[in-house]
Amino acid sequence: MAIPDELVAFVKEALTRELPRPAIQQALLAAGWERKQVDAGLASFAESDFAIPVPRPAPYLSAREAFIYLLLFTTLYLSAYNLGALLFQFIYLAIPDAAAPAYASAPEAIRVSMRWAIASLVVAFPIFLYLSRLTGTEVHRDPAKRASKVRRWLTYLTLFLAATIIIGDLITILNDLLGGALTLRFVLKALTVGVIAAGIFGYYLHDLRVEERGVTR
């Protein structure tokens, strides 16, 4: 969140005069500032006994971190998509659909799709795990790295995509249910998509909440 300069200047001046944080918060809220802006403004300065207010690290943009996080989330998307594709092929094998086109339901076509999905997972998923461990270790050693703009933008983008997929999945299920076209094969495919998307959404939402607790502590 972008914090207005005048809010930061006010908070700094108030802390310099050793005014208590709750009093500063109440004054800003009474003046019409949003609570999120007020909390962010106060959180931009560390709670310290130093003679003057000590600013926290501001969000920054690093070329190295941009590369790492772009690769991290790209391999996440590849892994999620190909895991779903692989599970779809197992569903096709377990529950054949006589109405499906012959070229799509043929055993050879299914095997080709499975090989591609497995190859993608074998390459992308270990890279994702390695980068996740690498970035997690770096953030643990230096919590200021949580302020990376690339990390925050890609995390919110991932949450948006996952939420959109979940909503679309639920709408599709309800539409087929109301139309009387709900089949076991379709339900299993919808559950596959929903579970993968919900798992990603839950993980990164939890990560953001941990970050927010760390900032407002």
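The model is predicted, so local features need pLDDT of at least 70 and side-chain atom pairs count only at pLDDT 80 or more, while totals for chains, interfaces and linings use all residues. Residues are numbered from 1 along each chain as its sequence is written, and side-chain values use heavy atoms, with hydrogens and water left out.

**The nonpolar patch**

- Phe67, Leu71, Ile118, Val122, Val123 and Ile127 make up this patch, and together they have about 540 Å² of accessible area.
- H4 and H6 are the elements that give two or more residues to the patch.
- Patch members have over 30% relative accessible area and no salt bridge, and nonpolar side chains (Val, Leu, Ile, Met, Phe, Trp, Tyr) are joined within 5 Å. A salt bridge is a side-chain nitrogen of Lys or Arg within 4 Å of a carboxyl oxygen of Asp or Glu.
- Isoleucine 127 sits in helix H6.
- Isoleucine 127 counts as partly exposed because its relative accessibility is 34%, between buried (under 20%) and exposed (over 50%), with a 1.4 Å probe and protein chains only.

**The cavity**

- There is one cavity of 30 Å³ or more; a cavity is a set of points on a 1 Å grid over the protein atoms alone where a 1.4 Å probe fits but cannot get out, and lining residues have an atom within 4 Å of a point.
- The largest cavity is lined by Arg64, Glu65, Ile68, Tyr69, Thr135, Glu138 and Lys145.
- Helix H4 (63-94) and helix H6 (107-141) each give two or more residues to this lining, and H4 has the largest share, four residues.

Notes. On a 1 Å grid over the protein atoms alone, a cavity is a set of points where a 1.4 Å probe fits but cannot get out, and a pocket is an open set with protein on both sides within 12 Å along at least five of seven lines; lining residues have an atom within 4 Å of a point. Grid points are joined across faces, edges and corners, and a volume is the space filled by probe spheres set on the points. Patches are made of residues with over 30% relative accessible area and no salt bridge: like charges are joined within 9 Å, nonpolar side chains (Val, Leu, Ile, Met, Phe, Trp, Tyr) within 5 Å. Accessible areas come from the Shrake-Rupley method with a 1.4 Å probe; for residues, only the protein chains shown count as cover.
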